[in-house]
Amino acid sequence: MTSSGLRAAAALLLLCAATFAAAAELSDKLRDDSELSQSTAKSFRRLMPVRFYSQVEQNPIANATLTLRSCTIFVPTNEAFQRYKGSIHVLYHITTAAFSKEQLPKSVSSDMDGNPPLYITKNRNGDIYVNNARIIPSLSVEMTNREGKRQVMHIIDEVLQPLSVQKNAKDNINNPDAMQFLQMAEQLELNDFHLRTYRSQVTLAKKESVYQSPGAHTFLIPIDESFKLSARSGLVDAKVIDGHVIPNTVIFTAASQHDDPKTSAAFEDLLKVTVSFFKQKDGKMYVKSNTIVGDAKHREGVVLAEIVKANIPVQNGVVHLIHRPLMIIDTTVTDFLKKNFGCNSFKFLNENGENGALRKFYEVIMDNGGEVLDDITNLSEVTILAPSNDAWNASLIENLLRNRKKMREILNMHIIRDRLNVDKIRQKNANMIAQVPTVNNNTFLYFNVKGEGTDAVITVEGGGVNATIIQADVAQTNGYVHIIDRVLGVPHTTVLGKLESDPMMSDTYKMGQFSHFNDQLNNTQRRFTYFVPRDKGWQKTELDYPSAHKKLFMPDFSYHSKSILERHLAIADHVFTMKDLVQYSEQAGNVVLPTFRDSLQLRVEEEAGHLHDENASHEWTGYVIIWNYKKINVYRPDVECTNGIIHVIDYPLLEEKDVVVSGG
């Protein structure tokens with residue numbers, strides 16, 4: 001070896017020795033810090049991965065930085081290394097300035113070739129993220145090396161992954177912006193996804209400047225596969241391209257806020273589009289556009305897209321590849337169920353089809369013979385309340401799946417012959433809980449809106465089940481899909497649980513609570529048929545008997561309240577549906593139902609008319625109770641519970657003599 005070679009080798013040895021010394025200092029700091037508990041110190045030692053330091057040792061630039069310069073180093077945990085299967089880019093974890101957590105700016109330049117940025121974001125919980133990796137708050141360490149340079153180490157829960165270039169790439173690609181990313185996509189490691197179609201539309205619309213814009217933005221790019229379903233590439237105009245960009249905000253999936261709408265670049269007076277991220281329980285990440293204000297070319301509604309490759313950092317932000325373009329509404333409800341979440345033709349969806357957001361709903365439809373899908377196809381306007389995959393895991397559903405007749409009824413309960421978006425639900429819900437007929441004969445759904453704006457929660461009740469809409473207004477050419485968290489028509493709560501949770505029955509629930517009448521309603525050994533006055537029914541009694549109404553809701557008069565409620569509750573070894581009561585009434589004239597103390601005598605008739613919706617376009621057959629010469633409409637019949645059935649009525653079974661009360 002030449003003398004110069006010996007000198008170089010000696011220098012390298014000295015450098016390595018210095019690095020080992022620096023590492024030892026850091027370990028000593030972690031071990032000996034008096035402010036750390038013994039268990040925390042052990043955690044620190046466990047979290048210092050040998051693999052990362054072996055990478056540092058093999059990298060002269062990293063060695064020199066640790067030895068001679070100020071720096072911030074982001075060190076992944078051992079668990080992060082075990083999960084990560086790719087190449088480790090040590091210099092992408094280092095920036096040549098020292099930053100505590102509080103000092104971290106919105107982006108820092110890494111020490112990797114081209115100095116690609118690392119993006120720092122903070123969520124509402126106060127967690128700090130470097131790209132898609134969370135900084136573990138209690139495990140940051142600050143020290144000074146032997147050169148007197150300040151250095152900071154943050155422990156993170158993921159390995160930082162820069163933009164990956166194919167080995168045979170012809171161009172030297174370092175730190176491209178989003179437009180260069182699009183132009184050079186064929187040379188990048190993108191899991192065999194191609195972006196030619198969308199790139200062509202960006203060029204055709206002369207929107208290159210959007211993707212070249214300096215700053216920190218989020219770019220959503222549909223893959224070529226998404227344009228094979230139809231001639232939708234021609235629908236990707238300049239406004240649609242704007243709708244795929246969230247300006248001045250970098251969103252990595254781990255740091256994203258669930259369903260937190262962000263203003264897209266397509267947000268102006270005549271067109272307003274927001275974009276938000278959300279995660280399914282199965283781990284799949286989705287992004288959705290919501291065209292709040294549309295125009296002739298861009299219809300209002302939500303478009304849902306799965307993120308098929310996430311968190312690709314570029315010079316001016318982050319790129320996510322998605323399985324279909326946003327904003328474009330060009331499929332029917334049937335196509336949406338079949339192509340997007342049922343019999344997928346995409347390669348990536350074939351490989352991961354078991355995780356489709358509505359896979360189980362589609363499977364149940366097809367296992368039931370597919371006629372329901374034919375019915376949906378034949379409707380010119382339709383709204384589907386589609387239970388999520390998790391909704392089908394309820395234990396009671398397993399037994400019903402074999403009963404095709406019952407399942408057909410349940411599936412039909414999720415179908416509405418109308419285009420019903422959230423705005424229309426709000427209008428119907430303005431002064432009362434909205435009632436909407438389903439394709440099931442005489443079956444209605446009841447919508448309730450709580451809260452305003454983005455904080456609003458919309459629930460729907462059907463067949464005794466209260467479900468929450470977890471994803472609303474997924475728009476199609478002939479209607480909407482709302483994803484809900486329960487299967488309607490499969491009761492999962494007792495009579496008491498239903499009273500407690502249903503906003504229409506809160507007054508009856510309160511009266512039963514202070515009079516202890518409700519105590520019996522959790523008993524699953526009995527079968528209850530409960531005629532429950534809705535809140536508006538009790539409000540009517542306030543007009544008819546103002547003094548008595550006030551007393552009925554006072555604990556001092558609980559005996560009278562309990563006596564009146566007992567009249568409404570039939571107790572037997574089976575329940576009485578409205579059809580049963582109509583049949584018995586036709587046979588015997590009056591029906592006598594056993595109650596706690598006595599019996600309830602009434603007659604039930606069917607009556608055609610707009611009983612449920614004065615603005616309905618069709619007549620619906622409703623039920624009327626005749627009791628003591630009074631006709632009382634049945635507002636919601638046959639609300640099933642696990643230990644009985646509830647019939648919601650428009651007025652209490654109340655006589656004038658009942659309310660002539662006195663109290664001490």
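**Group meeting talk: burial, a sheet and aromatic pairs**

Good morning. Of the 664 residues in this protein, 52% are buried, where buried means under 20% relative accessible area, exposed over 50% and partly exposed in between (1.4 Å probe, protein chains only). The model is predicted, so local features need pLDDT of at least 70 and side-chain atom pairs pLDDT 80 or more, while totals for chains, interfaces and linings use all residues. Residues are numbered from 1 along each chain as its sequence is written, and side-chain values use heavy atoms, without hydrogens or water.

The protein has 22 helices and 29 strands; these are DSSP runs, numbered from the N terminus, with helices (H or I) of at least four residues and strands (E) of at least two.

Four strands form an open, mixed sheet in the order 2-1-8-7; two strands pair if DSSP finds at least two bridges between them. Strand 2 (94-95) and strand 7 (141-144) are the edges, each pairing on one side only. Strand 1 (residues 71-76) and strand 2 run antiparallel, joined by 2 bridges, and Ile73 stands opposite Ile94 in strand 2.

Next, the aromatic rings. The whole structure holds 9 aromatic pairs, meaning Phe, Tyr or Trp rings (for Trp, the six-membered ring) with centres within 6.5 Å; planes under 30 degrees apart are stacked, over 60 edge-to-face and the rest tilted. Tyr198 and Tyr211 are edge-to-face, 6.4 Å centre to centre with 80° between the planes. Because Tyr198 lies in helix 7 (residues 196-204) and Tyr211 in helix 8 (residues 208-212), this pair ties together parts 13 residues apart in sequence. Tyr198 is buried at 0% relative accessibility, and Tyr211 is buried at 0%.
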